[in-house]
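Subject: Structure handover and notes

Dear colleague,

I am passing on the structure below, followed by notes on what was found in it. Please read the notes with the coordinates open beside you.

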Amino acid sequence: MEKLFQPAKLGSTQLSSRVVMAPLTRSRANHESDAPTEMNARYYAQRASAGLIISEASQISPQGKGYPWTPGIYSEEQVAGWKLVTDAIHEQGGKIFIQLWHVGRISHPSLQKGGILPVAPSALKPAGLAFTESGMVEFETPRALDTSEIPGIVEDYRKAAENAMRAGFDGVEIHGANGYLLDQFMRDGSNKRTDDYGGSIENRSRLLLEVVDAICAEIGADKVGVRLSPASSVNDMKDSDPMALFSHVIEALSKRRIAYLHMVEGVTRGPREVEGIDIEKLRSRFEGAYIANNCYDRDLAISAVESGRADFVAFGRPFISNPDLVERLKRNAALAVPDQSTFYGGGEAGYTDYPALED
Ligand code: 8OZ
């Protein structure tokens, strides 16, 4: 059997294979409480044969929310909802990490408590449109965080990790990718600060590393992963020297002996090759486990793991329409194509109604 399908240890967590379910926003939490539901538990349970499930991105605070109906991990109701999910996975011998998320400026007042402005490193409006309960609307210029507010954000992450462990997760992944708050701080296109959190690469990386340190102290570095997207421009990300920036960040993560680095290799949901960005060179700066992601297929995943270029491979969209993706990949069976119109929001249709091969 190919190495991709063999059991492996990730930090302190034993996995049944090296096939990972990537974090996938589905916008189907309880509309009042942002708590996961029985339906969410059914969806994840159908996918429990993944070596590891990384949950959809989950806001660490009301301020960290940027899309309708995404789950949170800051209230007791949300902890109880997630417990339904983790119990359902563990009953089947699966493993699940939660992805912790603060969207920063990729939000809208209509998604914020009290209709206030979203926060960001600097008061710079992102290009593009916000996804709100009433459709796609213009972003608004965010409010720049005061230096005195930053310890509170680090504390929200720490508390979220503590909640995650109480909810039964096997670990947490810190979402440092795709143009959300931590990525906004790292890149000089979105961070124009003049305090200790802006300017030099060291300063721009500071918030991510403070969050990593706080969470590692809370739950142990062997249960912590970080997701980065150095080559991705989604959500209006720009940086004058991404190779220097991410070399620094990845070396700093390596020193902290976290469980894994999860990399979006290329533009998120887009081309894998981006001029001027050498993902393999960045990856070589990390000594721990490496999860590769972005438009992998069976052959690419098998060869990446066989050659040692990746330790694990995360599949996103294929897991939406193939709950038994690991079995299908093992058998080299045909994969069902997901229906994009039911990706975000709604009920069971396009969510829990994709059959496994056996059904
Ligand atoms: C698609 C739709 C909404 C959010 C990401 C959390 O890009 C997301 C996301 C993706 O990381």
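At 17% relative accessibility, Asp170 counts as buried, where buried means under 20% relative accessible area, exposed means over 50%, and partly exposed lies in between, with a 1.4 Å probe and protein chains only. The model is a predicted one, in which local features need pLDDT of at least 70 and side-chain atom pairs count only at pLDDT 80 or more, while totals for chains, interfaces and linings use all residues. Residues are numbered from 1 along each chain as its sequence is written, and side-chain values use heavy atoms, with hydrogens and water left out.

Asp170 is found in the loop between helix 3 and strand 10 (171-175); helices (H or I, at least four residues) and strands (E, at least two) are DSSP runs numbered from the N terminus. Not counting residues up to four places away in sequence, Asp170 touches Thr13, His90, Gly94, Lys95, Ile96, Phe97, Met165 and Lys223, contact being heavy atoms within 4.5 Å. Asp170 and Gln6 are separated by 164 residues in sequence and by 20 Å in space, C-alpha to C-alpha.

Two packed helices are described by the angle between their axes and the distance between the axes. The axes of helix 3 and helix 5 come within 9 Å and cross at roughly 35 degrees, the axes being lines fitted to C-alpha atoms, for helices over the stretch in contact, with angles that run from 0 to 180 degrees between N-to-C directions. Helix 3 passes helix 5 in a right-handed crossing, a crossing being right-handed if the near helix is turned clockwise from the far one by less than a right angle, and left-handed if anticlockwise. On the side of helix 3 the contact is made by Ile150, Val154, Tyr157, Arg158, Ala161, Glu162 and Met165, and on the side of helix 5 by Leu207, Glu210, Val211, Ala214, Ile215, Glu218 and Ile219. By class, this contact has ten nonpolar, no polar and four charged residues, where Ala, Val, Leu, Ile, Met, Phe, Trp, Tyr, Cys and Pro count as nonpolar, Asp, Glu, Lys and Arg as charged, and the others, Gly among them, as polar.

Helix 5 (residues 201-219) also packs with helix 6 (residues 242-255), their axes coming within 10 Å and crossing at roughly 35 degrees, and this crossing is right-handed. Residues making the contact include Leu208, Leu209 and Val212 of helix 5 and His248, Val249 and Leu253 of helix 6, and by class the contact has nine nonpolar, two polar and two charged residues.

In soluble globular proteins, nonpolar side chains tend to be buried together. Of the 86 residues in the largest nonpolar core, Leu100, Ile215, Leu228 and Leu253 touch the most other members, such a core being a set of buried Ala, Val, Leu, Ile, Met, Phe, Trp, Tyr and Cys residues joined through side-chain atoms within 4.5 Å. The largest share of this core, ten residues, comes from helix 5. A second, separate core of 14 residues includes Ala8, Ile54, Phe312 and Ala314. Leaving aside its neighbours within four places in sequence, Leu100 is in contact with residues including Ile73, Tyr157, Val172, Ile174 and Ile215.

In helix 2, Gln78, Val79, Gly81, Trp82, Val85, Thr86, Ala88 and Ile89 are buried, and what covers them includes helix 1 (38-46), strand 4 (52-59), strand 5 (96-101) and helix 3 (150-166). Gly93, whose phi is positive, near 80 degrees, follows helix 2.

Positive phi values are also found in residues other than glycine. Trp69 has a phi near 65 degrees; Trp69 is in the loop between strand 4 and helix 2 and counts as buried at 16% relative accessibility. Asn294 has a phi near 120 degrees; Asn294 is in the loop between strand 13 (289-293) and helix 8 (298-307) and is buried, with a relative accessible area of 3%.

Best regards
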